[in-house]
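Thanks for coming, everyone. Please have a look at the slide, and then I will walk you through a few spots.

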Amino acid sequence: MATAATTAGSLRGRSWWAKHGPGMVVWFFLIIGTVLSLLPYVWMVFASFKDNNEIFSATIRFLPEQWRFENYVLAWTREPVARGILNSFIMAAGETAGNMVFAVLTAYAFARLRFRGRDFVFLLVLGTMMIPTQVTMIPQFILMRWLGWVNTYQGLIVPRMLTAFAIFLMRQFFLTIPFELEEAARIDGCGRLRCLISVLLPLTGPALATLAIFTFTQSWNEFFWPLIVVSSPEMRTIQLVISALRGQEMIEWGVLLAAVTISAIPTGILYVALQRYFVQGIVMSGIKG
Amino acid sequence: MGLDGAEVPLSPTTLQGRPLWRRLHLPDRYSLFGMAIILPALVFFLVFRVIPLAYALWVSFHEWNLIRPMQWVGLQNYWRAFSDEAFLESLWHSFLYAAVVVAFALSLALLVAVLLDQKLRFAAVYRGIFFMPVVMSWVVISIVWRVMYAPTFGLVSNVLGWFGLPDVPILTNGALALFGIMIMGTWHALGFYMVVFLAGLQTIPVHLYEAALIDGAGKLQTFTKITLPLLRPTMLFAMVMCTIDTLQVFVQVYLMTRGGPADSTMVAVYYIYRTAFYLQEMGYGAALGMILLLLVLGVTLLYLRFVKVEAYY
């Protein structure tokens with residue numbers, strides 16, 4: 001009797017741990033991870049309403065003592081944040097539009113047509129993904145100077161209008177559409193181009209959305225290329241505007257963080273609203289490995 | 001066009017009355033059409049990617065400050081690079097950064113991906129939160145972390161104080177500055193590779209896990225014997241991507257430490273950028289760029305080779 005009771009008791013104890021222990025460890029890690037992931041953003045937003053004294057204080061207080069909305073007003077009016085946002089929008093929209101047209105056409109040819117030299121050109125395009133921008137920055141800058149594109153929108157946009165990543169992403173997608181669908185349309189007398197426009201394109205909705213969101217976000221966040229192409233203050237993208245504010249002698253961190261928060265709003269909204277497309281983009285490009 | 005070809009589309013007789021390009025036999029027609037579509041892309045990649053690379057190679061054999069004409073110096077820039085201690089040290093910092101971030105970010109990402117793959121409640125919410133750093137620009141991240149890292153009064157110093165740890169100025173301390181940037185890099189990369197691994201985990205057939213369960217395999221055994229080997233292609237993809245990405249570390253350093261204190265966070269790309277655009281030494285900068293490119297390619301080939309050999313047993 002006694003031994004049986006002990007066994008049952010210890011069994012119950014062990015089963016409680018076996019049942020809940022690992023789960024609790026997992027929750028613990030996930031909660032720590034969540035805090036670490038979100039903390040910088042929460043802190044950024046609250047600090048953007050503070051002044052220097054409050055940001056750098058010996059004790060942590062997340063909420064500002066006094067909400068200084070004027071930080072945002074100053075960032076928007078005194079600093080060239082509005083102009084930076086406009087420039088970034090123009091650049092990101094141009095790059096996105098360019099990729100939507102050219103990457104889709106090119107990817108279509110790579111995925112659905114057969115012609116001499118196709119695989120060679122595809123490898124060439126993929127190979128350029130391995131070249132870091134940083135390595136070719138000097139000749140690219142010289143090219144921009146030679147074309148007279150320094151400090152221009154075309155200088156910012158055109159060299160980025162078609163990316164290997166976008167072609168790769170759309171090619172992966174076109175490969176998943178059954179060939180029979182296109183063949184059926186061809187037998188009905190549909191031309192190649194019409195086939196692309198009226199048979200394939202209607203199916204690419206989600207993939208196109210993924211491509212657009214990815215390109216836009218990447219372009220919005222781009223720092224290095226604008227840094228090379230732009231030297232005049234009025235052509236600075238928002239990332240460069242922030243970087244210039246950061247370089248000032250006396251930094252008003254509250255105003256700087258307000259500018260930073262403003263710059264994060266467009267991509268933040270895109271992400272919260274369309275999260276699944278971001279994830280899908282990685283899944284699509286990664287599947288083949 | 002239209003439906004006129006609907007009867008017998010490909011027989012030679014019905015092709016007679018058509019325009020010349022439609023009368024050509026099929027493979028060639030595909031060929032012309034495909035080439036025509038690909039042409040803009042080909043020109044684009046040649047002009048904006050391939051020719052600049054070739055030109056960089058050409059410039060790297062010259063001395064050039066953009067003002068006076070180029071002067072051929074042969075391999076001199078390369079010899080100079082190998083004895084330039086500041087450059088070699090910046091390379092070392094880049095590789096150290098890459099090694100640490102690749103190791104920590106990928107193992108943590110794998111851990112989190114496996115956890116989130118367990119049909120947890122709110123898994124999608126966690127995934128969304130962990131992925132968030134990826135959509136933010138390096139400029140945003142660098143500035144926010146720069147403020148958090150502020151000595152004595154920053155968030156990090158305060159939190160360290162709670163645990164009774166000494167207050168160390170992270171970004172202004174030569175021994176710790178690179179470490180501080182590595183932590184930030186790991187934090188940033190984690191979410192991206194978590195999603196990559198989650199996608200990889202989806203491709204592993206469920207019946208393998210069911211079979212393992214029936215055979216009485218434990219969780220750890222299932223992970224090491226099924227998950228890890230089958231995840232190898234994804235791992236390779238992640239390692240190559242993450243290494244190429246981290247070897248190019250630049251913005252963080254540019255915005256947080258400017259390479260300091262005392263060059264302790266001087267990384268290769270920042271060194272090249274400074275050489276070319278501040279010191280106006282285009283030829284030397286281009287040579288340094290070519291060296292970095294070769295190293296990146298070398299590491300990638302090593303990975304590919306390493307994984308191929310592994311896959312044979």
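Let's start with Asn151(A), which counts as partly exposed because its relative accessibility is 22%. The cut-offs are these: buried means under 20% relative accessible area, exposed means over 50%, and partly exposed is in between, with a 1.4 Å probe and protein chains only.

A word on the source. This is a predicted model, in which local features need pLDDT of at least 70, side-chain atom pairs count only at pLDDT 80 or more, and totals for chains, interfaces and linings use all residues. Residues are numbered from 1 along each chain as its sequence is written, chains are lettered from A and ligands numbered from 1 in the order in which they are written, and side-chain values use heavy atoms, without hydrogens and water.

Back to Asn151(A). Its phi is near 60 degrees, a positive value in a residue other than glycine. Where does Asn151(A) sit? In the loop between helix 6 (137-147) and helix 7 (153-157) of chain A. Helices here are DSSP runs (H or I, at least four residues), numbered from the N terminus.

Now Ala262(B). Phi is near 50 degrees there, again positive in a residue other than glycine. Ala262(B) lies in the loop between helix 13 (251-256) and helix 14 (268-277) of chain B. Is Ala262(B) buried or exposed? Exposed, because its relative accessible area is 81%.

Next, the domains. Chain B splits into domain 1 (12-59) and domain 2 (77-311), with bounds from an automatic or database domain assignment. Four residues of domain 1 of chain B and seven of domain 2 of chain B make the contact (heavy atoms within 4.5 Å). Between them, the two domains of chain B bury about 370 Å². Buried area is the accessible area (1.4 Å probe) that two parts lose on being put together, summed over both. On the domain 1 side, Leu53(B), Leu57(B) and Val59(B) supply 81% of that side's buried area, more than any other three residues.

Last, the chains. Chain B gives 89 residues to the contact and chain A gives 94. About 8,300 Å² is buried between chain B and chain A, with 78% from carbon and sulfur atoms. What part of chain B gives the largest share of the side that touches chain A? Helix 3 (residues 26-59) of chain B, with 21 residues.

That's it from me.

Terms used:
Helix = DSSP H or I, 4+ residues; strand = E, 2+ residues; numbered from the N terminus.
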